[in-house]
Amino acid sequence: MSLGKILWIDDEIESLQSQILFLQNKGYEVNALTNGFDALDYVKDHPVDVVLLDETMPGITGLETLAKIKELNSQIPVVLITKNETENLMDDAIGSQITDYLIKPVNPNQVLLSLKKIIDNKRLVGEKTTTAYQQEFRNLFMALNSNPDHNSWMDIYKKLVYWELEMEKSDSPEMREVFHTQKNEANTEFFKFVSRHYPKWVNPKGDDGPIMSHTLFKHKVFPHIEKGVPTFFLLLDNLRFDQWKAIQPIFADSFRILEEDTFYSILPTATQYSRNSIFAGMMPMEIEKQFPSQWKNDDEEGGKNLHEEELFRLQLKKLRREDMRFSYTKVLNHQAGQDLVNNIHNLMGNDLNIIVYNFVDMMSHARTEMEVLKELAGDETSYRSVTKSWFEHSPLHQALKKVADKKINLILATDHGSVRVKTPAKVIGDKQTTTNLRYKHGRNLNYDSKEVLAFRDPKEAGLPVPTVNSSYIFAKEDIFLCYPNNYNYYVNYYRNTFQHGGVSLEEMIIPVIKMTNK
């Protein structure tokens, strides 16, 4: 089997016969041509892995040939072989997308090394990733079994995300399988951990829990607000940590990333609970008790997140920070995004600018409604890719670039993540039972206790009691909750979609990132 198909174009090709023989002995298939015109005809009709191209040829020059090859197929790597190393020639060549260049006279090993670098790079990176993960596997296994606390869990999850992204470089389905098994095992252990500790975290007199939705502003935003330097708090909804890693390079082009941290979403990991909690600085039970007109339960009519700005004012009042100048902008559609682009300069006079951007949520909800999105975001890799592509071309990115050269602080966070659901579980409830796939509350819920975290008394979880005898259940790992009627239809419809509301690393451990201008 050939290691790769090489096309070598040089008007003095006879003098290179020993080099060509050397490459053929190493396992490459080499075709040699003496001019650019023949080369273009050849590239049109034959697959080529790498082109070796002489820069000075009569008729059509190397650089002209290069430009035309790239027009035919921009993906073909081209190595320019040149007698002179003048700066403007190199600028032209690099501008025309050469992959490598060699100076004449070339020795066979230089050529071999360049080919290896180009053709084998993917394979070598993949092999290296696989070996490194094999070494890390044991460390992760030990970390999972060493009774991790809430901080260690954040580290474990960050490592899992790191390896998940690295595994995309590997061609080994076996190693990916091993990785996914380990990630599933981590979620199994995480569920047990949350089941044991969650009630203590949300009890106001509880032990030393993690930073959660209701304490996010207190610990991660207010301490960073400086007089005279506007702080932008950007809440990009339903953003998992791996999705943040996908868009991180785009942020890094414009901003200096100072701190890449995570915090815990409260349960249910759903917008109406976690986001109201972030802005009120309270658990949902307290919001409902103190501000009943601003809180709506799942079963009540009307929007559930219409009072975020009001709730935030109340948080400021409680903390005696009413003198803070702040703005609140919510972007629910493309037009509102364009308005943000046009208006962002007017926000520079505030101490704090809150921007709530509903994108990822629209995508994950729409994804279950629209077959197109089901195809587009069918797994984690494509989910990240769609997020990155959206952000790159979004009004949000345009707006942020407009203030990137000003002295600002930028804090990016989210309300909760989501998990790809694969395993259905039956739940029976009365007409008042909520319809969410990852959590439910109702009066007479019938379920398998091994598949959910249940709170018979919602107050234990810091949640309101919608009706007498209401209990809450939260799905674990990759389970989604379905009713027995029309069961098979719903199972097939929702399997492999991204949902939120339950207990998983992906939904609960979420990014909070501190940045500043460069």
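Start by selecting Leu453: its bridge partner in strand E15 is Phe474. The model you are looking at is predicted.

**The three-stranded sheet**

Now widen the selection to both strands. E14 and E15, residues 471-475, pair in the antiparallel sense. Four bridges join them. The three strands form an open sheet in the order E13-E15-E14, with antiparallel pairing. Which strands stand at the edges? They are E13 (439-442) and E14 (452-455). Each has a single partner strand, so one side of each is left without a neighbour in the sheet.

Next, bring in helix H8. H8 packs on this sheet and touches E14 and E15. Its direction makes about 15° with that of E14.

The model holds 37 aromatic pairs. Pick Tyr198 and Trp201, which form an edge-to-face pair. Their ring centres are 6.3 Å apart, with 65° between the planes. That angle counts as edge-to-face because it is over 60 degrees. Are they buried or exposed? Tyr198 is buried, at a relative accessible area of 0%. Trp201 is buried as well, at 7%.

Move on to Trp390 and Phe391 for another pair. This one is tilted, with 6.0 Å centre to centre and 55° between the planes. Trp390 is buried, with a relative accessible area of 17%. Phe391 counts as buried too, at 1%.

Phe474 is where the tour began, as the partner of Leu453.

One more ring deserves a click. Select Tyr487 together with Lys426. The charged end of Lys426 sits over the Tyr487 ring, 4.6 Å from the ring centre.

**An enclosed strand: E6**

Select residues 231-236, strand E6. How many of its residues are buried? Six of the six are, so E6 is largely enclosed by the rest of the structure. Show the side chains. Thr231, Phe233 and Leu235 point one way from E6. Phe232, Leu234 and Leu236 point the other way.

Now find the partners of E6. Strands of a sheet pair through backbone hydrogen bonds, either parallel or antiparallel. Strand E9, residues 352-357, runs parallel to E6, and six bridges join the two.

**Last stop: helix H3**

Select residues 62-72, helix H3. Which of its residues are buried? Gly62, Thr65, Leu66, Ile69 and Lys70 are. View H3 down its axis. These residues cover an arc of only 135° around the axis, which means they lie on the same side of H3.

Technical notes
Residues are numbered from 1 along each chain as its sequence is written. This is a predicted model: local features need pLDDT of at least 70, side-chain atom pairs count only at pLDDT 80 or more; totals for chains, interfaces and linings use all residues. Side-chain values use heavy atoms; hydrogens and water are left out. Rings of Phe, Tyr and Trp (its six-membered ring) pair if their centres lie within 6.5 Å; planes under 30 degrees apart count as stacked, over 60 as edge-to-face and the rest as tilted. Buried means under 20% relative accessible area, exposed over 50%, partly exposed in between (1.4 Å probe, protein chains only). A charge sits over a ring if NZ of Lys or CZ of Arg is within 6 Å of the ring centre and within 35 degrees of the ring normal. The arc is that of the directions from the helix axis to the C-beta atoms. Two strands pair if DSSP finds at least two bridges between them. Contact means heavy atoms within 4.5 Å. Axes are lines fitted to C-alpha atoms, for helices over the stretch in contact, and angles run from 0 to 180 degrees between N-to-C directions.
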